[in-house]
Amino acid sequence: MIALQNVGKVFVRDGQATEVLRGVDLTIASGSFLVLLGRSGSGKSTLLNIIAGLSAPTSGTIAFDGEPPGFPRVDVGYLTQKETLLPWLDVASNVALPLDLRNTPKAEKMARTAALLALVGLTGAERRYPRELSGGMQRRASLARMLAADPSMLLLDEPFGALDAQLRSDLQRELLRLWLGSGKTVVFVTHDIDEALLLGDRVIALRPGGEIACDVALDAPRPRDMRAIRVEPSFVALHERLLDALHVGEGASA
């Protein structure tokens, strides 16, 4: 469990202070799929960086299972918006990188890498380089590399936003397949309400300035078919509620 209490973040540049998070109180249950939803400037990526330990809050506290955080955290996997595969390494070497950093024995490393590539549908692409992969294949390789260290928490910052609709749908299903039954905690950042409602157990909507505007628990059964649930009255109502929440305070300074 992760608990954030009264977390705030202020960035100072050229003597100017910009508040991007304010008074965030949030508890994330172990094994849950939490979606942080917000428009540009809402502080959702900053909040993810604080959870990851890449940025310290200006105010407030964060605790993991009741204990103060220790950074860097080796139990956290982070998938960013931009592709970070190393271009001079082939797919297998990219996926195995976290295992190399842990000095994993060669036989174990090779078996784990092969299993992960099979898991994300990249068997046969082991010796290809990132430049030889499609955008969807690069994302699959990045997912496999994130999973290589077997993190208990997966942090994903709009990981599919740059892909076309079909690839995005394919990888959303892939992510859910990897998560279901794994016991891993997922915190997923998006600006897309449909994506949030398709993926999440819970959706936190942030308004500009980093305040929580809405906290919605989702009990729709899985797997969810977006074409089917989009016309359900409960889905339409939740969509409208989140849309309204994102526009509360519009026009105020971010």
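**Close-up 1. Glu-211 and its salt-bridge partner Arg-207.** In this predicted model, Glu-211 is partly exposed, with 27% relative accessible area. Glu-211 forms a salt bridge with Arg-207, and the closest N and O atoms sit 3.8 Å apart. Arg-207 has a relative accessible area of 19%, and since the cut-off for buried is under 20%, Arg-207 counts as buried.

**Close-up 2. Glu-19 meets Arg-22.** Here the two side chains come together in a salt bridge, 2.8 Å from N to O. Glu-19 is partly exposed at 32% relative accessible area, and Arg-22 is partly exposed at 32% too. There's a link back to the previous view: Glu-19, Arg-22, Arg-207 and Glu-211 are joined in a network of salt bridges. By the rule used here, the salt bridges number 13.

**Close-up 3. Asp-215 reaches across to Arg-202.** This salt bridge has its closest N and O atoms 2.8 Å apart. It ties together distant parts of the chain, 13 residues apart, with Asp-215 in strand E9 (residues 211–217) and Arg-202 in strand E8 (residues 202–207). Asp-215 is partly exposed at 37% relative accessibility, and Arg-202 is partly exposed at 22%.

**Close-up 4. An open sheet of three strands.** The strands run in the order E2-E1-E4, with antiparallel pairing. E2 (16–28) and E4 (59–64) are the edge strands with a single partner strand each, so one side of each has no neighbour in the sheet. On average, neighbouring strands are turned by 25° against each other, direction ignored.

**Close-up 5. Where E1 pairs with E4.** Strand E1 (residues 2–13) lines up with E4 in the antiparallel sense over five bridges. Look for Gln-5, which stands opposite Thr-61 in E4.

Key: Residues are numbered from 1 along each chain as its sequence is written. This is a predicted model: local features need pLDDT of at least 70, side-chain atom pairs count only at pLDDT 80 or more; totals for chains, interfaces and linings use all residues. Side-chain values use heavy atoms; hydrogens and water are left out. Two strands pair if DSSP finds at least two bridges between them. Helices (H or I, at least four residues) and strands (E, at least two) are DSSP runs, numbered from the N terminus. Axes are lines fitted to C-alpha atoms, for helices over the stretch in contact, and angles run from 0 to 180 degrees between N-to-C directions. A salt bridge is a side-chain nitrogen of Lys or Arg within 4 Å of a carboxyl oxygen of Asp or Glu. Buried means under 20% relative accessible area, exposed over 50%, partly exposed in between (1.4 Å probe, protein chains only).
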